[in-house]
Amino acid sequence: MTRRGYNRISPAALRHTLETVAADAFGVPGKNVEADLRDDGGTLGAAISVMLPLPPLLQPGPGMGTSPAAGTLFEQTRAARDTILRRGADLSGLLMGTVDITLTGARQPHRTSRVDGGPQTGARPGGPQTEPHQTGPHHEHHQERRPA
């Protein structure tokens, strides 16, 4: 009998795969997800931390990129766990054990603090030219009046 070799998946590749699957399940960027892997009685266990975006306060809509009919945050998290278990097993070829999910907080999606998004002084794209604020007297434009 000849041995043809073996396949080995590094722990870093497994962790990255589960982080990507979790990010997709929650509808967040990959940088918002961290996974720690462990042996769970011969199966692959994971502790996954997810930072969710804050929902817009002035616009109606869901906070996780899912439809409003998706249910409560807990129901959405259970659905995400089911997706992680199913896709994690499909992609890794390993039996998945316990997947613990921790929602670590919320982050405001990046946006500019100014309406026009331009710099504080100088030219604004598409806007009027502005000059930096100057202090002190402007003698070149000021004429003194003297009593006659």
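The dialogue below sets values against definitions.

Tutor: This is a predicted model, where local features need pLDDT of at least 70 and side-chain atom pairs count only at pLDDT 80 or more, while totals for chains, interfaces and linings use all residues. Residues are numbered from 1 along each chain as its sequence is written, and side-chain values use heavy atoms, with hydrogens and water left out.

Student: What makes up the secondary structure of the protein chain?

Tutor: The protein chain has 2 helices and 3 strands. Along the sequence they follow the pattern α-β-β-α-β. Helices (H or I, at least four residues) and strands (E, at least two) are DSSP runs, numbered from the N terminus.

Student: How do you know that the span of H1 agrees with its number of residues?

Tutor: The expected span is 1.5 Å times one less than the number of residues. H1 has 16 residues, so it should span 22 Å. Its end C-alpha atoms are 22 Å apart, which agrees. After H1 comes Gly-27, with a positive phi near 70 degrees.

Student: Why is Glu-19 called buried?

Tutor: Buried means under 20% relative accessible area, exposed means over 50%, and partly exposed lies in between (1.4 Å probe, protein chains only). Glu-19 has 15%, so Glu-19 is buried. Other buried residues in H1 include Leu-14, Leu-18 and Phe-26. Of the 148 residues of the protein chain, 20% count as buried.

Student: What makes a group of residues a nonpolar core?

Tutor: The members are buried Ala, Val, Leu, Ile, Met, Phe, Trp, Tyr and Cys residues, joined through side-chain atoms within 4.5 Å. Here the largest nonpolar core has 19 residues. Those with the most contacts inside this core are Phe-26, Val-28, Val-33, Ile-48, Val-50 and Ile-84. H1, S1, S2, H2 and S3 each supply at least two residues of this core. H1 gives the most, with 6 residues.

Student: Which residues is Ile-48 in contact with, leaving aside its neighbours within four places in sequence?

Tutor: Contact means heavy atoms within 4.5 Å. With those neighbours left aside, the partners of Ile-48 include Ala-22, Val-33, Ile-84 and Val-99.

Student: How many salt bridges does the structure hold?

Tutor: The structure holds 3 salt bridges. A salt bridge needs a side-chain nitrogen of Lys or Arg within 4 Å of a carboxyl oxygen of Asp or Glu.

Student: Why is the pair Arg-15 and Glu-19 called a salt bridge?

Tutor: Their closest N and O atoms are 3.7 Å apart. The limit is 4 Å, so the pair counts as a salt bridge. Arg-15 and Glu-19 are 4 residues apart in helix H1, so about one helical turn separates them. Arg-15 has a relative accessible area of 35%, so Arg-15 is partly exposed.

Student: What about Arg-87 and Asp-24?

Tutor: Their side chains meet in a salt bridge at 3.4 Å, N to O. This pair links distant parts of the chain: Arg-87 is in helix H2, Asp-24 is in helix H1, and they are 63 residues apart. Arg-87 is at 33% relative accessibility, so Arg-87 counts as partly exposed. Asp-24 is at 53%, so Asp-24 counts as exposed.

Student: What makes Asp-100 and Arg-38 a salt bridge?

Tutor: Their closest N and O atoms are 2.9 Å apart. That is within 4 Å, so the pair meets the definition. This pair also links distant parts of the chain: Asp-100 in strand S3 and Arg-38 in strand S1, 62 residues apart.

Student: How do you know that S1 and S2 pair?

Tutor: Two strands pair if DSSP finds at least two bridges between them. S1 and S2 are joined by 8 bridges, so they pair. They run antiparallel. The bridge partner of Arg-38 in S2 is Gly-45. Their hairpin has 2 residues between the strands, and Gly-41 there takes a positive phi near 65 degrees.

Student: Why does Thr-43 count as buried?

Tutor: Thr-43 is at 17% relative accessibility, so Thr-43 counts as buried. Thr-43 is found in strand S2. A polar atom of its side chain lies 2.7 Å from the backbone oxygen of Asp-40.

Technical notes
A polar contact is a pair of N or O atoms within 3.5 Å; within protein, one must be able to donate a hydrogen and the other to accept it, and residues adjacent in sequence count only if both atoms are side-chain atoms.
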